[in-house]
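Biologist: I have a chain here that I'd like to get to know. Could you walk me through it, one question at a time?

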Amino acid sequence: MIRHTTTHEPEQDADQVGDRIDQDVDFVQLLFTDIAGRLKTLEVPAARWAEVRDRGWTLDGSVLLGYGDAEHSDLRLKPDPDTFVHRPWTTPSGRSVGMVFCEVLDAAGRPFAADPRAVLRRAVAASEARGQRPVFGVEAEFYLLRGTDSGSAGVPADSSGYWDLSVDEQADEVCRDIGEALELMGLTVDGHHHEVCHGQREIVFRHGDALATADRLLLLKHTARVMARRRGLTAVFMPKPLAHLYGNALHVHVSLEGTGPGADARPLFHDGDDPMGMSALFRGSLAGVLDHAPALTALGNPTVNSYKRLVPASGTPVHRSWARHNRSTAFKVVGDPAAPRSMRLEMRSPDPSANPYLLFAGVLAAFADGQDRDLKLPEACEVPADELTGDELAVRGIAELPTDLPSALRALSDDTTVTAALGPLAAHAVDHNARADWAAWHRVITPGRSSGTGRTGDRADRRLEPPSPHRRNRPHARHRRQHRRPDRRPVPRPPVDRPVLHHRAGHRRDPARTGRLHDGPVHGTGRRRPVRPRRRTGARRQRPRPRPPGRLRRVPRPGLPAARRRRPGARPRPRRARGEGRRPHPVRPGRRGPRPGGRRTGPDPPDPRPGAARGNRPGGGRGAGGGRGERGQRRDRAGRRCRGRGGWRCRAHRRAGR
């Protein structure tokens, strides 16, 4: 349930905060963020709040850095009472909880160099030293998904479109709960609306200073997840959660104001004399952001999934360009020239997985560099950059943003301005964790279609996997016999240089013509038995199927006549008589006379053509080029036996290419 008894006061005394905690809450969550922008917490009873507020709490440095570092292993959490908020919903048991952000200190009591909040504090202090107070605002997009029984990410909670009025108000109720809870925590919500895709929403809250806006964004993400779960849905801030729908964006709005009181706190991005209402300071700041856009991409899109969203022709910006009215560019100038405080820069390429503290610090560093170097702003691109050719992009001076995480990390390491704003330790931690995620992504097997046999993954993954004896992954049933016994599978060996005995014809043949070789000797020869190539069936040639070593056929020795083979149970084939032409077809048992179709069962009549009588000579046979003599052996015209390879004489061998 959501409680309506407490409100947030921006400026509070430490004693007042302590009194409120003793009266209103049962536990206090000490919040801080790691280098990736994820909220971490330590929960203490409300009775120990005064002790923890004064002395802090010891913290392991690997929790914040994301990896072990002996030099920064002992850190300390120091609560910031000004950030205390009362969580407006209670636990399932009815307990109330408060939340407070903490500063991270090193062993010497100084702000920890890699603490994201400390990094942004330094950047804001440097900007205010220049007389410029940064003002940030964010628009966070997320999906509301409904769970399924298949274990997938889920399906969209509604089927509405861009700015539609939905009939199913379950998703609207989640957004109302989020807005009400944020209001009770002191965050002013300007509104929420439906985004382009089914189940996609956007919540906009009022802008403020840099540190407060970053804190509010993290509270928004946490509150949205809690409220969606209470309604049976899931709030997903992943950059690209669904392959067939658009990804989630984090639109960052930033402007600069004067640091003086009253009239001195004027908007610095507005100039009434400029046709677009942009001041020279605004143009120099925007030119600096364009110059450092590749490095800022590594901070605004820090995950592998981020670059599945940043693809061409997907409605997301992939080029380094700016515009006044074109919404497909990475940087857009927003505001009404008649309203000076509305002039601001909108960054459209970041996504909700970004660490807002580091991203805001990088933007402020790019602003300062553009102003110091007096960079010239290129012309605006009011047409979608995806519709321009490569030559047109080159003429306009438009380059592409990094298309993957390693490219963005290389741009970040080469950008000395942004890395100096982060600090060496924070920049190293960002690079280290991002590259670890990139390496881990290459070891992930993406689940695909699953069947009853337990096969998962796409075809490419199955081709790359080694064959498993416990899984039938061959395309046809005739290949399954060789996978039943893993210990009897033949091991392929390279072909030998010497000829081996062919197991069918009884003569020596080249292994290059017979394919792979089996393990085990051929009976009576001591040689390896070659695999008989499979006949071509149709347009596709099948792979030869090796026979198990225990089922080898008997092969005659060299010089002996090759006995005809037949499968078990097959009818014996009658031997052709000497001098006959065409072999008579056997008569089936139980049938008399010739077979249907007029085929004769006896020998063919004598051929009247000249030379046909040679079939009756000792060397005669099929045609005039020699044939079989006695005992079925091949003979040439002179009646000599064929010697096989190396001494081919009969025409039948030459014609068959043996």
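Modeller: Buried means under 20% relative accessible area, exposed means over 50%, and partly exposed is in between (1.4 Å probe, protein chains only). This is a predicted model, where local features need pLDDT of at least 70 and side-chain atom pairs count only at pLDDT 80 or more, while totals for chains, interfaces and linings use all residues. Residues are numbered from 1 along each chain as its sequence is written, and side-chain values use heavy atoms, with hydrogens and water left out.

Biologist: What share of the chain's residues count as buried?

Modeller: Some background on the chain comes along with that. Helices (H or I, at least four residues) and strands (E, at least two) are DSSP runs, numbered from the N terminus. By that count the chain has 17 helices and 22 strands. Out of its 658 residues, the share that counts as buried is 45%.

Biologist: Which residues does Phe367 contact, leaving aside neighbours within four places in sequence?

Modeller: Contact means heavy atoms within 4.5 Å. With the neighbours within four places in sequence set aside, the partners of Phe367 are Val254, Leu256, Phe269, Ser285, Val289 and Leu345.

Biologist: How many of the residues of H10 are buried?

Modeller: H10 runs over residues 356-373. H10 is mostly covered, with a buried count of 16 of its 18 residues.

Biologist: Is Asp369 buried or exposed?

Modeller: Asp369 sits in H10. Beyond residues up to four places away in sequence, Asp369 touches Asp291, His292 and Thr417. Because its relative accessibility is 13%, Asp369 counts as buried.

Biologist: How far apart in space are Leu250 and Glu141, C-alpha to C-alpha?

Modeller: Leu250 has its place in strand E13 (residues 250-258). At 2% relative accessibility, Leu250 counts as buried. In sequence Leu250 and Glu141 are 109 residues apart, but C-alpha to C-alpha the distance in space is 6.4 Å.

Biologist: What is the volume of the second largest pocket?

Modeller: Picture a 1 Å grid over the protein atoms alone: a cavity is a set of points where a 1.4 Å probe fits but cannot get out, a pocket is an open set with protein on both sides within 12 Å along at least five of seven lines, and lining residues have an atom within 4 Å of a point. Grid points are joined across faces, edges and corners, and a volume is the space filled by probe spheres set on the points. For the second largest pocket, that volume is about 850 Å³.

Biologist: Which residues lining the second largest pocket are closest to its centre?

Modeller: The largest share of this lining, five residues, comes from H6. Of the 41 lining residues, those closest to the centre are Asp34, Ala36, Gly37, Arg38 and Ser353.

Biologist: Which helix gives the largest share of the lining of the largest cavity?

Modeller: The structure holds three cavities of 30 Å³ or more, and about 50 Å³ of space lies in the largest cavity. Its lining includes Ala293, Leu296, Phe331 and Met347. Four lining residues, the largest share, come from H8.
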